[in-house]
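I opened the notebook on this model to look up sheets, strands and nonpolar cores. The entries follow in the order I checked them.

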Amino acid sequence: MERPERAAAALGAQPRANGCSGAAHGALRNGYVRGLPAPDTQINHIVHNGGLYKRPFNEDFEETPMLVAVLTYVGYGVLTLFGYLRDFMRQWKIEKCQNATEREEQKDFVPLYQDFENFYNRNLYMRIRDSWNRPICSVPGAKVDMMERVSHDYNWTFTYTGRVIKDIINMGSYNYLGFAQKAGICQEAAAKVLSQYGAGVCSTRQEMGNLDKHEELEKLVARFLGVESAMAYGMGFATNSMNIPALVGKGCLILSDELNHASLVLGARLSGATIRIFKHNNMQSLEKLLKDAIVHGQPRTRRPWKKILILVEGIYSMEGSIVRLPEVIALKKKYKSYLYLDEAHSIGALGPTGRGVVEYFGLNPEDVDVMMGTFTKSFGAAGGYIGGKKELIDYLRTYSHSAVYATSLSPPVVEQIITSMKCIMGEDGTTVGKARVQQLAENTRYFRRRLKEMGFIIYGNEDSPVVPLMLYMPAKIGAFGREMLKRNIGVVVVGFPATPIIESRARFCLSAAHTKEMLDT
């Protein structure tokens, strides 16, 4: 990539915050590029730390138009007013109250149900509840079968009609490489292991639950990641929430991206360490926190922090953005801190051979102290892993709650991971895995380009298989999900509090299993 000064001159603009050049599109929050660039214009992010990026890094986060923002707030205001009106009617028995309430004989107790906190669920979420928790009755592949359900009391309860809606295009599952399937080498291998080992282990790894398959999996994961050692866990969420407290504690500092996943947030809170938040993917914000932490030390005592741990994700699952890993690693080395990278969505989905965001940027895995990821997405299985130095993994085997107390991974699940990972690595003697990684990249670029051509506001990085399509207004959340289902397309719609109140969206998750015809539909 060009030097910052030359690249900026070539684009006819000065470098902006976060090293982004805005070139006729205006500055945006966190220094992102506004709007859709002209077809013949390539907008690269320019970094202040020199030529850290070996490839163009294009992300798009268009600001909410003012009129849309105002109308969205008005929409929520109207919903809130009607919510209070309906609560008044329920209180006076004019309308039947269906939500959980205290029993009469327990009125003097400490409330079990916080009435005000449930206001949103009762009056806003309940109106569009049919958009979530839809039961499917097939493999979550490129297409799914869904059980039809209806509600006669405005989504308080559902009844099943007995009808199955067939062949819904699945744009909601994290089946990035298409390994969620009921036929093929993975299914055959898992079935064979199921007949030999059974479904459950009924013990922890430290007792009677350490199988030869677990050892094989961990060696394979370490090889796949290019690290010294790795350890597998039975649950992706717990891989974060139970291991972060084993790595840091009181007297340590965690610097966490503001859009980190709930599992990282919970792990940080359970650790007892001090937590400070930096703006999403904003390196100026992160560097300021690092500087302040080193200059000022711990509050009151001013002693140096025992450890400083930076928590980031590879792909952010609500924004579709990719972490600025070259810059994060540069800052981590400059200020002598540790880096914890969550690759739940990026492992398998990024990089020429599917090895995640580290390979995507052409970096050395040794520069990441703790490499975490899950098997629930690209590998079509369950569980998570942590990779790194042998000393780190040996320490976690003893001190991680997930390792000591949790039941081991199910053998068929382990075999699903091993088979799919070997397929990606080409160790099955075919090029199927490599073809899937390439197909996902092609599908991602094609789908994002087509949506932008149609005029939709799309968030995220051009290489991210998570594609948020902005809806903004609360009424559109339920309407979009229902209308898509009418057209046999299953999507995930997301609103407040999972997103900022004026940034409701639909989220498409692309898969190598999707055909061009499906994406065109």
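**Entry 1: a parallel pair.** I started with strand β5 (residues 253-257) and strand β7 (residues 308-313), which run parallel and are joined by four bridges. I note that the model is a predicted one.

**Entry 2: helices on the strands.** Next I checked what packs here. Helix α7 (residues 262-271) packs on the sheet and touches β5, β6, β7 and β8 (338-342). I read an angle of about 165° between the directions of α7 and β7. Helix α9 (residues 325-334) lies across β7 and β8. Its direction runs at about 155° to β8.

Entry 3: In what order do the seven strands of the open sheet run? I wrote down β4-β10-β9-β8-β7-β5-β6, with mixed pairing. The edges are β4 (229-233) and β6 (274-278), each of which pairs on one side only. From one strand to the next, the twist averages 20°.

**Entry 4: strand β15.** I then moved to β15 (residues 504-509). Is this strand mostly covered or mostly open? It is mostly covered, with six of its six residues buried. I sorted the side chains by direction. Ser 504, Ala 506 and Phe 508 point one way, while Arg 505, Arg 507 and Cys 509 point the other way. The general rule is that side chains in a regular strand alternate between the two faces of the sheet. I noted that both arginines of β15, Arg 505 and Arg 507, are buried.

**Entry 5: partners of β15.** Strand β12 (residues 466-472) pairs with β15 in the antiparallel sense over six bridges. Leu 469 stands opposite Ala 506 there. Strand β14 (residues 492-494) is also antiparallel to β15, joined by three bridges. I found Arg 505 as the bridge partner of Val 494.

**Entry 6: Phe 508.** Which residues does Phe 508 touch, leaving aside those up to four places away in sequence? I listed Met 171, Phe 447, Pro 465, Val 466, Val 467, Leu 469, Phe 480, Met 484 and Val 491.

**Entry 7: the cores.** The largest nonpolar core has 88 residues. Phe 508 is among the members that touch the most others, along with Met 171, Leu 217, Leu 325, Val 357, Phe 375 and Met 421. Helix α13 (residues 411-425) gives the most to this core, seven residues. Domain 1 (52-170 + 434-520) and domain 2 (185-425) each supply at least three residues to this core. Another core lies apart from it, with 21 residues, including Val 248, Cys 252, Leu 311 and Ile 386.

Technical notes. Residues are numbered from 1 along each chain as its sequence is written. This is a predicted model: local features need pLDDT of at least 70, side-chain atom pairs count only at pLDDT 80 or more; totals for chains, interfaces and linings use all residues. Side-chain values use heavy atoms; hydrogens and water are left out. A nonpolar core is a set of buried Ala, Val, Leu, Ile, Met, Phe, Trp, Tyr and Cys residues joined through side-chain atoms within 4.5 Å. Buried means under 20% relative accessible area, exposed over 50%, partly exposed in between (1.4 Å probe, protein chains only). Helices (H or I, at least four residues) and strands (E, at least two) are DSSP runs, numbered from the N terminus. Domain bounds come from an automatic or database domain assignment. Contact means heavy atoms within 4.5 Å. Two strands pair if DSSP finds at least two bridges between them. Axes are lines fitted to C-alpha atoms, for helices over the stretch in contact, and angles run from 0 to 180 degrees between N-to-C directions.
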